[in-house]
Amino acid sequence: MTTSSQSRRRLNVALWIAQSLAFIFLGATGVAKLVVPIPTLAAMWVWPAQYPDMLTRGTGLLDLAGALGILLPSVTRILPGLTVPSALGCAALQVCAIAFHLMRGEAFVTPINLVVLATVAFVAWGRSGASSKA
């Protein structure tokens, strides 16, 4: 195996790990925001009690859709080109979450969003083919 093919293989493994981690985190967060009662969520995070339920449920739906979109097209090989737009959508969602938390004075929670942002940006870069040009 050549060094180039070994590098591509390592990158592919890293991308699968990143996609799986993003799927787990976003999926779990999305499901929680969709099914856990708002008072229970408010005990974990303050903001769900301070905004309309639709904000919590809507972001949950976006989280879950992003989780599914970042992994399922690649796993099933059905429309795998949807992985990159899904990753970009997840990145946009994380940027919005960071802005939301900063506006609320909750900078202490943004490192989680930054890690997810970096993970989904890596997936978008790697699955877009840009990695082969680097």
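A salt bridge here is a side-chain nitrogen of Lys or Arg within 4 Å of a carboxyl oxygen of Asp or Glu. The structure holds two of them. This is a predicted model, in which local features need pLDDT of at least 70, side-chain atom pairs count only at pLDDT 80 or more, and totals for chains, interfaces and linings use all residues. Residues are numbered from 1 along each chain as its sequence is written, and side-chain values use heavy atoms, without hydrogens and water.

Start with D63 and K33. Their side chains form a salt bridge at 2.9 Å, N to O. The pair links distant parts of the chain: D63 sits in helix α3 (residues 53-76) and K33 in helix α1 (residues 3-35), 30 residues apart. Helices are DSSP runs (H or I, at least four residues), numbered from the N terminus.

E106 is buried at 11%. R104, at 23%, is partly exposed (between 20% and 50%).

Now the largest pocket. A pocket is an open set of points on a 1 Å grid over the protein atoms alone, with protein on both sides within 12 Å along at least five of seven lines; lining residues have an atom within 4 Å of a point. The lining has 23 residues, and K33, W47, A97, H101 and N113 lie nearest the centre. Helix α4 gives the most, with six residues.

Definitions and conventions: Helices (H or I, at least four residues) and strands (E, at least two) are DSSP runs, numbered from the N terminus. Buried means under 20% relative accessible area, exposed over 50%, partly exposed in between (1.4 Å probe, protein chains only). On a 1 Å grid over the protein atoms alone, a cavity is a set of points where a 1.4 Å probe fits but cannot get out, and a pocket is an open set with protein on both sides within 12 Å along at least five of seven lines; lining residues have an atom within 4 Å of a point.
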